[in-house]
Amino acid sequence: MPAWVPFRNGWRKDHMTKLTTAEMRGYQQICGSDGAMMVIACDQRGGMRSLLAKDPAEQAAISDKVLGDTKADIARFLASKASCVLVDPICAVPALVDDRVLQRDTALLIGLDASGWDTSPEGYRLSKLVPGVSARRVRQLGATGGKIMVYLRSDRDTANVHNIQILKQCIEDFAHEDLLLVVEFLTYKFEDEDEADYKAKLPSLIVGGSKICLDLGAKVLKIPYPGSSEACAEVTRLSGDVPWAVLSAGVDHATFLTQVEDAMRNGASGVIAGRSLWKDCISLDRSVTKDRLETVAVPRLREIQAVIATHFKGTGSHEADQRQRAHG
């Protein structure tokens, strides 16, 4: 197994981040026929409950079964028209597989991260894992691969110690099983931090967070929109051969389309999107959910796919063009 070696202020894997044969096969499956990622994310739990009901008591009353049914509807209407669906291991599986909700050519990613976070005495977000969900369990659930999300503040090393350990653990576990792992991070504002100062830091925080994940051995990245064309190009430069996808973070659809275009034009390899597609489409009334997924979310998906098709020319030519552009 690759060893951990000292690297700058932390540690990194002492090996290239090239996909193994098995991982490459998994990566191909989460991509469309054009070679670009178009993954429908619905691994949210707390966030989905807050969309289904406004009152905290009503949210608490929403069962895992109700969330599972909602995710199944999202998979039927959206994932069937994309390349892959990302779900949680609590509400969505194994039912998505056992009930044959997923089409045979729709790939499946399972998230390892637990809903929410703990907070350290210093105010740092401490990410959590779903108990008992390892790479072996992800494989047993019939998934193509896994996804791990942690919170990172790349400008403060002490904020990341706990979450970097989670990343190391998951990357090592999936490498041992030779199973594809998508590595995601989110950044966040400290309680005592000025909002304007934080927003000004976002591009550097996202580039820095990407670098942390890459240094730890991530082979596929899922990241927030880096904030500018220059920051997108910098992520591409840092990533080398590691593909990265932009997430929606729940922004409105028009904003996300602009972000996707900027990211794709500057080297992204696709999209892993959730709430921007379906946040205003889901309801406790499944007939409403199904109608709005078909009439609102599917057209949004088609618009995202059109942007990807415009800027992604397929494995090889696109990557060569974008890497060359990112390197100036």
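The chain carries 41 positive and 43 negative charges, and their mean positions are 3 Å apart. Lys and Arg count as positive, Asp and Glu as negative; His and the chain ends are not counted. Each charge is placed at NZ of Lys, CZ of Arg, CG of Asp or CD of Glu.

## Basis of the model

This is a predicted model: local features need pLDDT of at least 70, side-chain atom pairs count only at pLDDT 80 or more, and totals for chains, interfaces and linings use all residues. Residues are numbered from 1 along each chain as its sequence is written, and side-chain values use heavy atoms, with hydrogens and water left out.

## Overall fold

The chain has 13 helices and 12 strands. These are DSSP runs numbered from the N terminus: helices are H or I of at least four residues, strands E of at least two. The radius of gyration is 19 Å, close to the 20 Å of the globule rule for 328 residues, so the chain is as compact as a globular protein of that length. That radius is taken over C-alpha atoms; the rule is 2.2 Å times the number of residues to the power 0.38. Along the principal axes, the C-alpha atoms fill a box of roughly 55 × 50 × 45 Å.

Of the 328 residues, 54% count as buried. Buried means under 20% relative accessible area, exposed over 50%, partly exposed in between (1.4 Å probe, protein chains only). Among contacts (heavy atoms within 4.5 Å) between residues at least 6 apart in sequence, 70% join residues at least 24 apart.

## Cysteines

The structure holds 0 disulfides. The cut-off is a pair of cysteine sulfur atoms within 2.5 Å. For cysteine 84, the closest cysteine sulfur is in cysteine 31, 9.0 Å away and too far for a bond. Cysteine 84 is buried, at 0% relative accessibility.

Cysteine 232 is in no disulfide either; the nearest cysteine sulfur, in cysteine 213, is 16 Å away. Cysteine 232 also counts as buried, at 0% relative accessibility. Cys232 lies in helix α9 (residues 229-239), where Ala231, Ala233, Val235, Thr236 and Ser239 are buried too. Glycine 240 follows α9, with a positive phi near 60°.

## Leucine 19

Leucine 19 sits in the loop between β2 (10-13) and α1 (21-30). Its relative accessible area is 14%, so leucine 19 is buried. Leaving out residues up to four places away in sequence, leucine 19 touches Met24, Tyr27, Leu180, Lys219 and Val220. Valine 220 is 201 residues from leucine 19 along the chain, yet their C-alpha atoms are separated by 8.8 Å.
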